[in-house]
Amino acid sequence: MTRETFLKNLPSPEIMKMRLRTFAMLDAIVATSTRSFEFHPRWRRGEQMGAFKDGSGNFFFVWFSAKGAVIRGFDHDSPMSPFRKKPPAPWPGLFEGLPRSLSYALGEEAFALEEVTFCFWHQGRRWVPGAAELPRGKDVDGAESLLACFSLNFSRWAARYYGEPLDKAALTRVWWGKEPIDGAVAAALNPSFDAREIRQEAALLGYKVGDLSGDEGAKAAKAAPPPKPSPKPRARSFGEAEFTVRCEPNRVRMLIHGKEVVAQTKHDVYLELFELVKARIKAKPDGTTLRRRSGLALKDRS
């Protein structure tokens with residue numbers, strides 16, 4: 001995959017924030033003792049921070065603000081590692097072109113300057129890289145592997161990440177975040193869930209929590225009805241023909257007069273479109289709250 005294609009496929013900052021929030025909540029349920037994700041909805045006034053560590057010294061941070069967004073990551077096996085030389089120094093051109101309004105990402109303590117192999121920023125319509133000339137090879141900076149969590153198929157990625165398929169009904173409940181996370185949902189995802197961890201993370205992220213006793217177990221989670229789908233789009237008339245565009249999970253179809261399919265594509269864009277519209281409609285400034293200065297979002301010198 002070319003760098004241009006890779007960056008084009010990355011979700012917008014709005015959707016990326018939603019995904020990082022979901023990953024953090026899911027991690028609190030499924031991987032309590034080995035968490036890799038965290039998300040801070042109130043990093044500073046009007047700012048958010050998301051982070052991921054794979055446990056092997058590789059990680060990325062994403063900083064969001066009204067000015068834009070910045071992703072910085074580090075793959076310790078990359079030939080672009082700053083530690084290829086002494087003293088350590090970032091790969092030439094990695095930050096070239098970074099707007100001054102986003103230069104905060106260079107000084108923030110969560111972004112250790114000497115630990116970086118890729119950096120992208122978003123200030124408009126797309127993610128942009130620096131002017132660095134990359135070495136030959138596949139995924140030389142580690143960006144594709146570390147940012148794989150932003151692939152379109154969320155459930156498939158989660159199965160690979162956690163090593164086994166997760167209960168779809170429970171996973172859907174966490175993904176949409178509309179209904180409380182209760183004991184049945186938590187037990188379906190992880191029979192040994194930590195109720196205290198779930199409550200703490202839910203309070204930070206703004207998730208609703210129900211009864212976490214877990215008495216109903218996984219069966220109740222599987223029996224729980226999925227969220228009601230959004231109403232189908234109303235058909236619009238264009239001259240003498242009437243077209244309807246239907247966005248369904250894993251498929252988008254265009255029909256004439258509601259029945260003849262004239263075009264279709266197998267892409268999972270339903271959630272992407274829904275989340276983007278929801279983010280645009282419900283976006284509002286964050287209140288002033290002290291950021292939590294523990295866990296993945298701080299530099300790890302161990």
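Mentor: Please do. This is a predicted model, in which local features need pLDDT of at least 70, side-chain atom pairs count only at pLDDT 80 or more, and totals for chains, interfaces and linings use all residues. Residues are numbered from 1 along each chain as its sequence is written, and side-chain values use heavy atoms, with hydrogens and water left out.

Trainee: At what angle do H2 and H5 pack, and how far apart are their axes?

Mentor: The angle is about 40 degrees and the axes are 13 Å apart. Axes are lines fitted to C-alpha atoms, for helices over the stretch in contact, and angles run from 0 to 180 degrees between N-to-C directions.

Trainee: Why are H2 and H5 called oblique to each other?

Mentor: Angles under 35 degrees count as roughly parallel, over 145 as roughly antiparallel, 65 to 115 as roughly perpendicular and the rest as oblique. The angle is about 40 degrees, and H2 and H5 are therefore oblique.

Trainee: What makes H2 oblique to H6?

Mentor: The axes of H2 (residues 13-30) and H6 cross at roughly 135 degrees and come within 9 Å. That angle makes H2 oblique to H6.

Trainee: Why does Asp167 count as buried?

Mentor: Buried means under 20% relative accessible area, exposed over 50%, and partly exposed in between (1.4 Å probe, protein chains only). Asp167 has 14% relative accessibility and therefore counts as buried. Asp167 lies in the loop between helix H5 (154-162) and helix H6 (168-176), and its side chain reaches the backbone nitrogen of Ala170 at 2.8 Å.

Key: Helix = DSSP H or I, 4+ residues; strand = E, 2+ residues; numbered from the N terminus. Polar contact = N/O pair within 3.5 Å; in protein donor to acceptor, adjacent residues only side chain to side chain.
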